Amino acid sequence: MTNSEHSAQATQLQVSSLHYHRHSRMLDVTFSEGSVVTFSAEFLRVFSPSAEVRGHGKPKLVSNKKQVGISKLQPVGHYAVKLVFDDGHDSGIYSWPYLHQLAQQQSNLWQNYLQQLANANANREALIPVSVRR
C-alpha cells in the first residue's frame, strides 16, 4: 500500500463504537473496519490533541497522570469525540484519524514518553497519593 493509499484509508476510517471501562480506566475504540484498540486514560490524557498539551510546535511533557480517568465522552459530529478527564482537562477533541494515528504508533509513542519522563526526572505517579474506597 502506498503512502497516499494509506493516508486515504486513514481519513475515511470511522469509529463505530467507544466503550470506557471505569474500573480499569481503559477505552476500547472500535474502528469501522472491525479493529479494536484499547487505550489507557493516561495515554489519551498525555497525548491530548489540545493546544494546551500539543503547544505551538513544542509539545508539553505531561506527567503525574497515572491515576487519571475519563469522566465523560462527548461525540463531536460524526468525526470525533471530546474526552473530559477527571483532572479537569477537557479541551482535546480526538478525531477519528487522530485516534487511528495513536493506535498505529501507540507502542513507540509510549516508549518515547517514558524516556522523556526519565530525562526530565519526572514520573507518572500522582503528586499526592489518592485512594478511592468503595
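The dialogue below examines how several terms apply to this predicted model.

Tutor: In this predicted model, local features need pLDDT of at least 70 and side-chain atom pairs count only at pLDDT 80 or more, while totals for chains, interfaces and linings use all residues. Residues are numbered from 1 along each chain as its sequence is written, and side-chain values use heavy atoms, with hydrogens and water left out.

Student: Why is Arg45 called buried?

Tutor: Buried means under 20% relative accessible area, exposed over 50% and partly exposed in between, with a 1.4 Å probe and protein chains only. Arg45 has a relative accessible area of 6%, so it is buried. Arg45 lies in helix α2 (residues 41-46); helices are DSSP runs of H or I with at least four residues, strands are E runs of at least two, and both are numbered from the N terminus.

Student: Which residues is Arg45 in contact with, leaving aside its neighbours within four places in sequence?

Tutor: Contact means heavy atoms within 4.5 Å. On that basis Arg45 is in contact with Glu52, Val53, Val62, Lys65, Val68, Phe85, Asp87, His89 and Tyr94.

Student: What makes Leu83 count as buried?

Tutor: Its relative accessibility is 1%, and therefore Leu83 counts as buried. Leu83 is found in strand β5 (residues 80-85), and its C-alpha atom is separated by 4.9 Å from that of Leu73, ten residues apart along the chain.

Student: How many aromatic pairs does a search of the whole structure find?

Tutor: The search finds six aromatic pairs. One of them, formed by Phe39 and Phe43, is stacked, at 5.7 Å centre to centre and 10° between the planes. Rings of Phe, Tyr and Trp (its six-membered ring) pair if their centres lie within 6.5 Å; planes under 30 degrees apart count as stacked, over 60 as edge-to-face and the rest as tilted.

Student: What is the arrangement of the pair formed by Phe47 and Tyr113?

Tutor: Phe47 and Tyr113 are edge-to-face, with 6.2 Å centre to centre and 65° between the planes. The pair links distant parts of the chain, with Phe47 in the loop between α2 and α3 (51-54) and Tyr113 in helix α4, 66 residues apart. Both residues are buried. Ring pairs link Phe39, Phe43, Phe47, Trp110 and Tyr113 into a cluster.

Student: How do you know that Phe39 is buried?

Tutor: The relative accessible area of Phe39 is 0%, so Phe39 is buried. Phe43, at 1% relative accessibility, therefore counts as buried.
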